[in-house]
Amino acid sequence: MRGAHTGIRWGGIADDFTGATDLATNWVARGLRAAVTLGVPTEEELAELADLDAVVIALKSRTAPVAEAVGESLAALAALRRLGCERFYDKYCSTFDSTPRGNIGPVADALTAELGAGVAVVVPSFPATGRTVYRGHLFVGDQLLGDSPMRHHPLTPMTDSRLVRLLSPQTVHPVAAVGLDVVRGDPQALRAALAGSRDEGPRYVVVDAIDDDDLARIAAATADHPLVTGGSGLALGLPARGGPATGAMPVTPGYRAVLAGSASAATRGQIDAARSALPSWRLDLAALRADPAAEVGRMTDWARANWSEAPGVPVLVYAVGSPEDVERRTPEGQRPAAEVVEEALAGCAEAFAGAGARQFVVAGGETSGSVVRALGVRRLELGPALAPGVSWARGSAPDGNAYNLALKSGNFGARSLFIDAWGELA
């Protein structure tokens, strides 16, 4: 059925921009024709999506106030229903980034209520990236989540690993767990364990999964569920509709840049590997707080000089190169580092684009949201995969400029990604 019109079936609501491309990448890998919209699409934009199999709406709601995150998610759901979507995917980070107040629980509560869903699975597992759930505990590689570098996250420090215990304070509904023995047992028993109603049994079910076969079993058992929640891994459990649904992606000639706002261990490793090969600039928070426009101007002059000498070599701008670079305490009366970094990298993207940059690798969900908004891009078409959950995409802005963008979750990708990614655009 590849290439044939099958009608919209899946609608995704992602709480950040890299999560949206992550989900769309996995749907494309299963043969679905998918696109990402950056923010809730207008009616005119919806009309342009009608021939696709899946659409993901990327929000910037992971760390937004709870009421704002819920409101944006419901607006995204309403748009996807007008588009004709029949099933929905509440996409959050595979490391369950949240606090006891939310936003995973409140958003899921709102979506299940609006859809009349009796039960929704909770499946953050994405084995290809080292995210697995066993006995209800979330692992990052061979570490429990609470022992992983995520415990130092500046916005959503994850110091616990038991998903029932993490989710329960965020919802008024019961949360249960289904173990690997049930997942790998009789399919009818699994389906029964994941069934429920509004008035009986748990509203949310955390499901063990440690490999892709487990994801396929869960996907089959939830085939009649209107809503699933989790990381993007569960999308890989869908039956394949032929090969990956990607054609040749147009490449937009222009200068290249890596903009890394993430402080994750994976991104720090990628920065360390790239600094020996690429011209690099570490953000100066003090200078940016004092005069952000002047500092962005200096970075742009530096980038222009490097591109003049080596037009095909990307420049690297990054926020954190080592754990010691993380600002643990905001100076009194100053803006938090995360806000300063987002604004600076968005300013860099806009200024670099004005200087002729058209190809960007962006690391970090919040950073990616700020960058694509700064560029004015509203829709992404997926292209070749770079790593599990990471792919090139192409987007256009109202000013007529087109961009090749790889929006990367801070935790994803090989150490050499910032150097190797450009080969896919050759």
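What is the crossing of α11 and α12, left-handed or right-handed?

A: The crossing of α11 and α12 is right-handed, meaning that the near helix is turned clockwise from the far one by less than a right angle. Before the details, a word on the model: it is predicted, with local features needing pLDDT of at least 70 and side-chain atom pairs counting only at pLDDT 80 or more, while totals for chains, interfaces and linings use all residues. Residues are numbered from 1 along each chain as its sequence is written, and side-chain values use heavy atoms, leaving out hydrogens and water.

Helix α11 covers residues 292-309, and its axis comes within 9 Å of the α12 axis, crossing at roughly 45°. (Axes are lines fitted to C-alpha atoms over the stretch in contact, with angles from 0 to 180 degrees between N-to-C directions; helices are DSSP runs of H or I with at least four residues, strands are E runs of at least two, and both are numbered from the N terminus.) The two helices are therefore oblique to each other, the class left over once under 35 degrees is roughly parallel, over 145 roughly antiparallel and 65 to 115 roughly perpendicular.

On the α11 side, the contact (heavy atoms within 4.5 Å) uses Pro292, Val296, Met299, Thr300, Ala303 and Trp307, which meet Glu343, Ala344, Gly347, Cys348, Ala351 and Phe352 of α12. Sorted by class, that comes to 9 nonpolar, 2 polar and 1 charged residues. Here Ala, Val, Leu, Ile, Met, Phe, Trp, Tyr, Cys and Pro are nonpolar, Asp, Glu, Lys and Arg are charged, and the others, Gly among them, are polar.

Helix α12 (residues 337-354) also packs against α13 (residues 365-375), with axes within 8 Å and a crossing angle of roughly 35°. That crossing is right-handed too. From α12 come Glu342, Leu345, Ala346, Ala349, Glu350 and Ala353, and from α13 Glu366, Thr367, Ser370, Val371, Ala374 and Leu375. This contact divides into 7 nonpolar, 2 polar and 3 charged residues.

Rings of Phe, Tyr and Trp (its six-membered ring) pair if their centres lie within 6.5 Å, with planes under 30 degrees apart stacked, over 60 edge-to-face and the rest tilted. By this rule the count comes to 10 aromatic pairs. For Trp281 and Trp302, the ring centres are 5.5 Å apart and the planes sit at 55°, so the pair is tilted. It links distant parts of the chain, since Trp281 is in strand β13 (residues 280-282) and Trp302 is in helix α11, 21 residues apart.

Elsewhere, there's an open sheet of 3 strands in the order β6-β7-β8, paired antiparallel; strands pair if DSSP finds at least two bridges between them. Its edge strands are β6 (131-134) and β8 (143-144), each pairing on one side only. Strand β7 (residues 137-140) is joined to β6 by 4 bridges. Arg131 has Val140 as its bridge partner, and Val133 stands opposite Leu138. The β6-β7 hairpin has 2 residues between the strands, and Arg135 there takes a positive phi near 50°.
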